[in-house]
Amino acid sequence: SIFDLNISNSSLKKFLLHFFGERFMKIHHVGYLVNNIDDAVADFQKLGYVVSSSLIFDEKRKIFIQFLEFNPTNTIKNEIVSGGTRIELITPAQGCELFSKRLKSLGSIPYHICYECQDFKEKILELQAEGFLLIREPQVAPAIENRQVAFMYSNSIGLIELLEIK
Ligand code: NI
């Protein structure tokens, strides 16, 4: 499968997928809500993760975002090329009531898994037909190359995030 090739160039990946007619759905990251990004980074480093992005401020959502990656095996031009698990740390900035409240009641927790999908729009419709709720219209994620993301919810498994391939 094309998925086993671990191609990081997204347009090449999209071309190959289109060419071979494969459908693509793959875990992109696990999202953690944390009280303090620096403290969370320090503890993830103890587990073998390394920082793989700058600290990003998402102005629309009023949150700070930091990506980490597990056990990189190689680096080329400072780009981590390992296919390891990616973690997204999120902490609320001033004015982000929802996440502040959630942190107060639950503490730092993993709260969503993000799936990268080839047929982003079709996948949303498909999951809606299967009973998932689209809780927010798709929007651009500045922390992920301005790709479209959508959050969906199921009573049984909670929140999931879908990410388009650009
Ligand atoms: Ni996410």
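The dialogue below takes several terms in turn.

Modeller: This is a predicted model, in which local features need pLDDT of at least 70 and side-chain atom pairs count only at pLDDT 80 or more, while totals for chains, interfaces and linings use all residues. Residues are numbered from 1 along each chain as its sequence is written, and side-chain values use heavy atoms, with hydrogens and water left out.

Colleague: Why is H28 called buried?

Modeller: Buried means under 20% relative accessible area, exposed means over 50%, and partly exposed lies in between (1.4 Å probe, protein chains only). H28 has a relative accessible area of 9%, so H28 is buried.

Colleague: What makes the link between the side chains of H28 and H29 a polar contact?

Modeller: A polar contact is a pair of N or O atoms within 3.5 Å; within protein, one must be able to donate a hydrogen and the other to accept it, and residues adjacent in sequence count only if both atoms are side-chain atoms. The contact joining the side chains of H28 and H29 is 2.9 Å.

Colleague: Why is F57 called partly exposed?

Modeller: F57 has a relative accessible area of 36%, and therefore counts as partly exposed.

Colleague: Why does E145 count as exposed?

Modeller: The relative accessibility of E145 is 54%, so E145 counts as exposed.
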